[in-house]
Amino acid sequence: MEIAWENILGHEQQITRLRKLRAEGRLPHAMLFHGPDGVGKLRVARAMAAELLCEGADARPCGTCRQCRALLQDSHPDYYEIHPEGKAVKTIKIDVIRAMQANVERAPLLAAQRVVVIDDAEMMNEAAENSLLKTLEEPKGAVHFILVTRARSSMLDTIRSRCMNVGFGSLPEAELAHALALRGIPEAMAAELSALSDGSFGRALRLYDDGGLTMRDDAAAFLAHLGTFRPQDVFEKSAAMEKLPREKLSEWFLYLGMLLRDLLVLTEDGASLLLYHKDLRDRLAALLPSFPLARIEALLVLVRAMNRRLLVNVNQRLLLEGFFFRAMEA
Ligand SMILES: [Zn+2]
């Protein structure tokens, strides 16, 4: 895995604070990194783990000691990374937490301590959370836990209050565009992707890789046709979209939300430069007569509710049909 601080985009304040606490030996044993998707929280957690495990005398991680080498080869016996598992619905189950706990209670093998990173920690089921809580309350042995989440509010209060909470924000658009250009993405494209990705490097890359613009155009087409939507269209659209993976569906609703915010901006100032989708300005402006303020706001409420519901296990088909019917009436 990557462990160098230099390769992390942004978050200077958070990183400086964490490293200072580590250098002073005051880093709490449990941390909760929270913030939007794709801004680099997991990268910071990994670099922090390396900083803790490294044996280098100066700037850590040194990249050359045996601890760093083992991390770079993904073979460090005292470093754990837990991710949600499962096909349709991903979760972190209690068995996984228990196996980790049994390991952590033994003496570390290579380093002076262990580090456990739990990615997408909000995907722990309640049993797993309660089990983890016991370890956070009474850690046995030298260990640091870093929980990473985009949805802190859906985690147990007791877990949140046991951790030092570190918030990560979106990345500035210009910084993001620059980083994308460094990856060899043409500049005009990089600028557009960064404007579309809400400050998330991960999202920008996903858009670039798997045709996110098609999803956006589909959401725009939906808005354009909403006025003539009939029950038959609801069933057809839901059937077609049901097949999409959950993340793709979330992305579609993310776009719909951004397009609606653009409509809101245009309602107030037709010449505004604050649009997400500057290239769609004319198409969106043409929609304005059929989207009075109250309707845009009602639709935004529906989209927000959808984003929340998509995070939990529900029948996607019913969810989509419910959304489209309500959208017709909004
Ligand atoms: Zn090192």
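Helices (H or I, at least four residues) and strands (E, at least two) are DSSP runs, numbered from the N terminus. This is a predicted model, in which local features need pLDDT of at least 70 and side-chain atom pairs count only at pLDDT 80 or more, while totals for chains, interfaces and linings use all residues. Residues are numbered from 1 along each chain as its sequence is written, and side-chain values use heavy atoms, with hydrogens and water left out.

**Zinc site**

- Cys54 (SG), Cys62 (SG), Cys65 (SG) and Cys68 (SG) are the protein donors of the zinc ion, at 2.3 to 2.4 Å from it. Donors are N, O and S atoms within 2.8 Å of the metal (3.2 Å for Na, K and Ca); water is not among the atoms, so sites may look incomplete.
- The arrangement is tetrahedral because the four donor atoms subtend angles of 102 to 117 degrees around the zinc ion; four donors count as tetrahedral if all angles lie between 85 and 135 degrees.
- Along the chain, the donors of the zinc ion have the spacing C-x7-C-x2-C-x2-C.
- Cysteine 54 and cysteine 65 both lie in the loop between α2 (41-53) and α3 (66-72), so the pair ties together parts that are 11 residues apart in sequence.
- Cysteine 54 is buried at 3% relative accessible area, and cysteine 65 is buried at 12%. Buried means under 20% relative accessible area, exposed over 50%, and partly exposed in between (1.4 Å probe, protein chains only).

**Strand β3**

- Strand β3 (residues 114-118) has five of its five residues buried, so the strand is largely enclosed by the rest of the structure.
- In a regular strand the side chains alternate between the two faces of the sheet.
- From β3, Arg114, Val116 and Ile118 point one way, and Val115 and Val117 point the other way.
- β3 pairs with strand β2 (residues 79-82) in the parallel sense over four bridges; two strands pair if DSSP finds at least two bridges between them.
- Valine 116 in β3 is the bridge partner of tyrosine 80.

**Surface residues**

- Alanine 294 lies in helix α14 and is exposed, with a relative accessible area of 58%.
- Between alanine 294 and alanine 330 there are 8.6 Å in space, C-alpha to C-alpha, and the two are 36 residues apart in sequence.
- Valine 312 is located in the loop between α14 (293-309) and α15 (316-329), and is partly exposed, with a relative accessible area of 46%.

How values were computed. Tetrahedral: all angles 85-135°; square planar, octahedral: opposite > 155°, others 65-115°.
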